[in-house]
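Visitor: I would like a close look at one part of this model. Please begin with a loop and then lead me to the ligand.

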Amino acid sequence: MKTRRNFLQAAGLSAVALSLPSFPGYAALSKSEPLSKNSQDRVLRVAIMGLGSYGTRVAEAMQDCKRAKLVGVISGTPSKVETWKSKYGIPDKNCYNYENFDAIKDNPDIDVVYVITPNALHKDQVIRVAKAGKHVICEKPMAVNAADGQAMVDACKAAGVFFLIGYRMHFEANTLEVVRMRKAGEFGEIKFFQGLSGFRIGDPTQWRLNPALSGGGAMMDIGIYSINGARYMTGEEPIWVTAQEVKTDPVKFKEGIDETITFQMGFPSGVIASCLSTYSMNNLDKFFLNGTQGFAEMQPSTGYGPIEGRTHKGPLGKPHVTHQTTQMDAMAAIILDGAQPEIPVDGEEGVKDMKIIDAIFEAVKTGKKVSLV
Ligand code: NDP
């Protein structure tokens with residue numbers, strides 16, 4: 001049987017990676033979740049909003065969680081609700097739809113809502129959940145631009161609830177090992193990051209290719225992994241971006257839906273990053289970090305795993321644990337115990353990525369270098 005310590009070791013999370021007890025920038029834990037001496041025995045009770053492809057993956061992964069449990073759903077599809085109720089033993093009283101879910105405020109058996117719907121819906125849904133007094137986890141991209149992301153952060157702060165973004169790679173063991181090595185100076189002075197993120201998208205009628213629901217194309221969906229990865233791999237925030245777009249199929253990738261964007265970022269120390277985001281190429285999931293004394297390369301670097309790679313010291317060999325299982329147990333520790341992750345997953349972290357995406361779109365439009373400071 002897995003103990004909490006075994007779980008943390010398998011996940012590559014140490015007491016440092018999830019250190020207690022403060023979580024700056026947030027009010028005390030909500031009324032429904034008082035921080036108590038025994039909080040490490042508590043289980044986070046989760047309702048998933050949006051029972052689609054990724055929501056299903058999260059629900060399955062949570063079955064192996066020690067500290068997070070699926071207890072409720074919010075869905076617009078009654079047939080899915082019936083299936084989930086019987087599969088996961090969810091009671092009727094914990095099932096909501098998009099019209100009535102504000103009533104979750106009167107449900108003491110749900111601690112947090114995990115929003116896993118199309119991107120453009122996140123803002124209103126997150127704000128409604130926060131106003132209902134429940135903690136919120138929201139999928140990436142948190143919103144369709146930085147202003148909306150900031151409004152979500154502000155609403156959650158005003159409501160005194162935690163707001164976390166579903167950045168599962170922030171808890172992945174091999175990723176954390178590279179970050180540890182970088183912090184320990186094992187790569188020397190970091191000089192360069194390369195991120196390649198893409199896949200070939202299918203069905204042209206899906207919401208990902210509808211700007212009203214997606215807020216953008218490959219960049220919002222998959223390019224964000226290279227942006228976020230550049231930040232946690234280098235440990236710096238970019239100060240400028242340049243970007244170029246290529247569109248080979250303007251019918252499938254209509255106005256407002258980027259197909260392929262190459263972009264570059266500059267960081268305060270002089271580190272540069274060169275990245276590719278695309279909906280037109282498969283087998284594109286690679287990070288490369290170069291320093292004066294070593295390197296790390298990961299391929300795959302952000303897929304569902306196992307994450308594989310090597311550094312100048314040899315192969316990365318941390319065991320694979322289903323990312324969403326690790327993420328949800330770690331998020332339970334953040335919300336219930338006030339643990340601090342090694343790489344932040346709060347709403348502000350999401351806004352940083354959204355500001356960079358806004359700047360990349362501006363750079364594509366203007367052809368100019370866009371400053372981020
Ligand atoms: P899906 O289309 O598979 O599912 C989205 C679900 O949202 C639908 O099944 C539906 O659930 C609900 N929904 C509510 N309103 C709408 C609407 N107008 N149109 C379509 N669906 C609607 O998408 P994904 O699960 O792949 O993606 C959802 C979110 O998760 C996105 O933000 C995406 O970026 C993110 N994601 C994150 C991943 C990660 O690795 N972190 C991986 C994949 C996605 P219902 O019928 O129950 O209402």
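Guide: Find P306 in the loop between β12 and β13. Strands here are DSSP E runs of at least two residues, helices are H or I runs of at least four, and both are numbered from the N terminus. A cis peptide bond joins G305 to P306, with omega about 0 degrees. P300 also lies in the loop between β12 (294–298) and β13 (309–311). Its bond to Q299 is cis too, with omega about 0 degrees.

A word on the source. This is a predicted model, where local features need pLDDT of at least 70 and side-chain atom pairs count only at pLDDT 80 or more, while totals for chains, interfaces and linings use all residues. Residues are numbered from 1 along each chain as its sequence is written, and side-chain values use heavy atoms, with hydrogens and water left out.

Now the ligand. Its shell holds 27 residues, and S75, T77, K80, Y98 and W207 are the closest. To be near, a residue needs a heavy atom within 4 Å. The shell has 11 nonpolar, 10 polar and 6 charged residues. Nonpolar means Ala, Val, Leu, Ile, Met, Phe, Trp, Tyr, Cys and Pro; charged means Asp, Glu, Lys and Arg; the others, Gly among them, are polar.

Where do these residues come from? Domain 1 (2–168) and domain 2 (172–318 + 347–371) each give at least three. The domain bounds come from an automatic or database assignment. Two helices, α2 (53–62) and α8 (218–234), each supply at least two.

Next, look at the polar contacts, pairs of N or O atoms within 3.5 Å. A polar side-chain atom of K80 is 2.6 Å from a ligand oxygen. For the side chain of N119, an N or O atom is 2.7 Å from a ligand oxygen. Y225 places a polar side-chain atom 3.0 Å from an oxygen of the ligand. The protein covers 82% of the 890 Å² of accessible area that the ligand has on its own. That area comes from the Shrake-Rupley method with a 1.4 Å probe.

How values were computed
A polar contact is a pair of N or O atoms within 3.5 Å; within protein, one must be able to donate a hydrogen and the other to accept it, and residues adjacent in sequence count only if both atoms are side-chain atoms.
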